[in-house]
Amino acid sequence: MSSECPGKNSWPELMGTNGDYAASVIERENRRVDAIVILDGTPVTADFRCDRVRVRVDRNRIVVKVPTAG
């Protein structure tokens with residue numbers, strides 16, 4: 001559960017924005033995380049990590065899911 005993570009850990013306001021922009025905002029607002037832009041549907045590991053935020057984008061690099069720590 002992302003509420004276990006210190007600092008801001010969810011960015012619903014970034015839905016529909018450019019993925020690279022979203023990643024920069026996330027890393028600025030929580031310096032403990034690395035934001036990784038990935039194409040929605042790309043297979044990923046299921047491990048939970050407070051230092052990672054996956055920014056899921058469509059083929060136009062638009063954020064399609066709320067980025068959260070984990």
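1. Arg-61 sits in the segment after S2. The phi angle of Arg-61 is near 65°, a positive value in a residue other than glycine. Arg-61 is partly exposed, with a relative accessible area of 34%. Here buried means under 20% relative accessible area, exposed means over 50%, and partly exposed is in between (1.4 Å probe, protein chains only).

2. **What kind of model this is.** This is a predicted model, in which local features need pLDDT of at least 70 and side-chain atom pairs count only at pLDDT 80 or more, while totals for chains, interfaces and linings use all residues. Residues are numbered from 1 along each chain as its sequence is written, and side-chain values use heavy atoms, with hydrogens and water left out.

3. **The overall layout.** From the N terminus on, their order is α-β-β. The radius of gyration is 11 Å, close to the 11 Å that the globule rule gives for 70 residues, so the chain is as compact as a globular protein of that length. That radius is taken over C-alpha atoms, and the rule is 2.2 Å times the number of residues to the power 0.38. Along its principal axes, the C-alpha trace spans about 30 × 25 × 15 Å.

4. **Surface and contacts.** Of the 70 residues, 34% count as buried. The chain exposes about 4,200 Å², and carbon and sulfur atoms supply 51% of that area. Accessible areas come from the Shrake-Rupley method with a 1.4 Å probe; for residues, only the protein chains shown count as cover. Now take the contacts (heavy atoms within 4.5 Å). Among those with a separation of 6 or more, 39% are between residues 24 or more positions apart.

5. **The two strands.** S1 covers residues 34-39 and runs parallel to S2, with six bridges joining them. Two strands pair if DSSP finds at least two bridges between them. One example is Ile-38, whose bridge partner in S2 is Arg-56.

6. **The largest nonpolar core.** A nonpolar core is a set of buried Ala, Val, Leu, Ile, Met, Phe, Trp, Tyr and Cys residues joined through side-chain atoms within 4.5 Å. The largest one has 14 residues. Leu-14, Ile-26, Val-53 and Val-55 touch the most other members. Helix H1 (19-29) and strand S2 (52-57) are the elements that give two or more residues to this core. H1 gives the most, with four residues. Leaving aside neighbours within four places in sequence, Val-53 contacts residues including Trp-11, Ile-26, Ile-36 and Pro-67.

7. **Gly-19 in the helix.** Gly-19 lies in H1. At 0% relative accessibility, Gly-19 counts as buried. Which residues does Gly-19 contact, leaving aside its neighbours within four places in sequence? They are Val-37, Val-55, Val-57, Arg-61 and Val-63. By C-alpha atoms, Gly-19 and Val-44 are 17 Å apart in space and 25 residues apart in sequence.

8. **Salt bridges around Lys-8.** The structure holds six salt bridges (a side-chain nitrogen of Lys or Arg within 4 Å of a carboxyl oxygen of Asp or Glu). Glu-13 and Lys-8 form one of them, at 2.7 Å, N to O. Lys-8 is partly exposed at 32%. Glu-29 also forms a salt bridge with Lys-8, with the closest N and O atoms 2.8 Å apart. Glu-29 lies in H1 and Lys-8 in the segment before H1, so the pair ties together parts that are 21 residues apart in sequence.

9. **Back to Arg-61.** Arg-61 forms a salt bridge with Asp-20, the closest N and O atoms being 2.7 Å apart. Asp-20 is in H1 and Arg-61 is in the segment after S2, so this pair ties together parts that are 41 residues apart in sequence. Salt bridges that share partners also join Lys-8, Glu-13 and Glu-29 into one network.
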